[in-house]
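Work through the exercises below with the sequence and the model open. Try each task before reading its solution.

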Amino acid sequence: MPSVSPWSLPLDGWHLIGCVWGAGVAVRVAMALRDALRVRRWIAQSRPVDDRLSGIWSRVVDGGPLLLRRVPIRQSAAVSGPCVAGVFRPCLLLPGDWADGLSEAEIRLVLLHEAAHLRRGDPVWNALLEGLHALHWFNPVVTRILVCLREDREEACDLHALSTPQVDRLQYGRVLLKCLERPPAAVAQVAVCGWQGRTHAA
């Protein structure tokens, strides 16, 4: 009997493997496109925030890159926490009643975290990582690595916010706990990053 190796697999076998892999990629890409369309619908159905939130956001991004200052801030009933939605034309979405019970200082801390996502280009990187995940949908190691990368991304944004002058670390921790206490919503990972449940978080 000849020795068995990956290269001794009959051609028909490779065709079958290729078809299974291609089907998995197609499913992952379809899911990503569905999520991206869902996020665009969230943005389209959102409404402007009040002057108070708009003013705080303007002060947070003041002096930043022009691209950051152009990002709109809007309210949406589809999200349960602040999140950056969209890839090429991102938008900061807030729940309608999110700011209730929060002081301006606390709101500023959360918006600093969201601004860090935008400064780092996280929406684009998130989409690229989803593309990588689509190609390696069968590999649990890649899935675990991507989960760790998302967790590290959130920590990096926390550190960025904490490095801003006049930020109280204790107060930041309390605001984080307040956001965690809210029920998470379903999140389209390909196009969202932020404080949305903290585990998928754009």
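**Exercise 1.** Is Cys 148 buried, partly exposed or exposed?

*Solution.* First, the ground rules. This is a predicted model, where local features need pLDDT of at least 70, side-chain atom pairs count only at pLDDT 80 or more, and totals for chains, interfaces and linings use all residues. Residues are numbered from 1 along each chain as its sequence is written, and side-chain values use heavy atoms, with hydrogens and water left out.

Next, the classes. Buried means under 20% relative accessible area, exposed means over 50%, and partly exposed lies in between (1.4 Å probe, protein chains only). Cys 148 has a relative accessibility of 26%, so it counts as partly exposed.

**Exercise 2.** How many disulfides does the whole structure have? Explain the case of Cys 91.

*Solution.* Start with the criterion: a disulfide is a pair of cysteine sulfur atoms within 2.5 Å. The search returns 0 disulfides. Now take Cys 91. Its closest cysteine sulfur belongs to Cys 83, 8.7 Å away, which is too far for a bond. Cys 91 is also buried, at 2% relative accessible area.

**Exercise 3.** Describe the fold of the protein chain in outline.

*Solution.* Count the elements. Helices (H or I, at least four residues) and strands (E, at least two) are DSSP runs, numbered from the N terminus. The chain has 7 helices and 5 strands. Their order from the N terminus is α-β-α-α-β-β-β-α-α-α-α-β.

Then check burial. The chain has 202 residues, and 41% of them count as buried. Finally, look at contacts (heavy atoms within 4.5 Å). Among those with a separation of 6 or more, 69% join residues 24 or more positions apart.

**Exercise 4.** Which residue classes line the second largest pocket?

*Solution.* Define the site. Two or more lining residues come from each of α3 (66–69), α4 (104–120) and α5 (122–135). The most come from α4, with 3.

Sort by class. Ala, Val, Leu, Ile, Met, Phe, Trp, Tyr, Cys and Pro count as nonpolar, Asp, Glu, Lys and Arg as charged, and the others, Gly among them, as polar. The lining has 10 nonpolar, 2 polar and 1 charged residues.
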